[in-house]
Amino acid sequence: VQLQASGGGLVQAGGSLRLSCAASGSIFSINAMGWYRQAPGKQRELVATITSGGSTNYADSVKGRFTISRDNAKKTVHLQMNSLKPEDTAVYYCNADVGTWYGRTLNYWGQGTLVTVSS
């Protein structure tokens, strides 16, 4: 199973970016999907998660600015980021709980995509 993230880049404060992550490989089902981020010198932290049924959860720091969504048929998850702040600068990682054909649920990480917000 692979998670391929895309959409990062350089943006000015107040701008917007949309991250996407596509899952591929031997997948029976995908349960929760999410985005995490890691800023330089800091620990990786949760940004947002979404269940297969569409229930969402956000870090307090991004509520009202970021929106997570997913397309179950395409096995993709997206993160729309608006009103970006310099403190949003980080490497963003997608994450997914994948159900395998042999009955196990395994957790996978994407490769990360860099988001840089200039002031």
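Biologist: What share of the 119 residues in the protein is buried?

Modeller: Happy to say: buried residues make up 41% of them, where buried means under 20% relative accessible area, exposed over 50% and partly exposed in between (1.4 Å probe, protein chains only). This is a predicted model, in which local features need pLDDT of at least 70, side-chain atom pairs count only at pLDDT 80 or more, and totals for chains, interfaces and linings use all residues. Residues are numbered from 1 along each chain as its sequence is written, and side-chain values use heavy atoms, without hydrogens and water.

Biologist: Why is arginine 37 called buried?

Modeller: Arginine 37 has a relative accessible area of 6%, and the cut-off is under 20%, so the word buried applies.

Biologist: And why is glutamate 45 called partly exposed?

Modeller: Its relative accessibility is 36%, which falls between 20% and 50%, so glutamate 45 counts as partly exposed.

Biologist: What makes glutamate 45 and arginine 37 a salt bridge?

Modeller: The term asks for a side-chain nitrogen of Lys or Arg within 4 Å of a carboxyl oxygen of Asp or Glu. Here the closest N and O atoms are 2.7 Å apart, so the pair qualifies.

Biologist: Which residues are linked with these two in a network of salt bridges?

Modeller: Arg65 and Asp88 join Arg37 and Glu45 in that network. Aspartate 88 meets arginine 37 at 2.9 Å, N to O, and arginine 65 at 2.7 Å. Both aspartate 88 and arginine 65 are buried.
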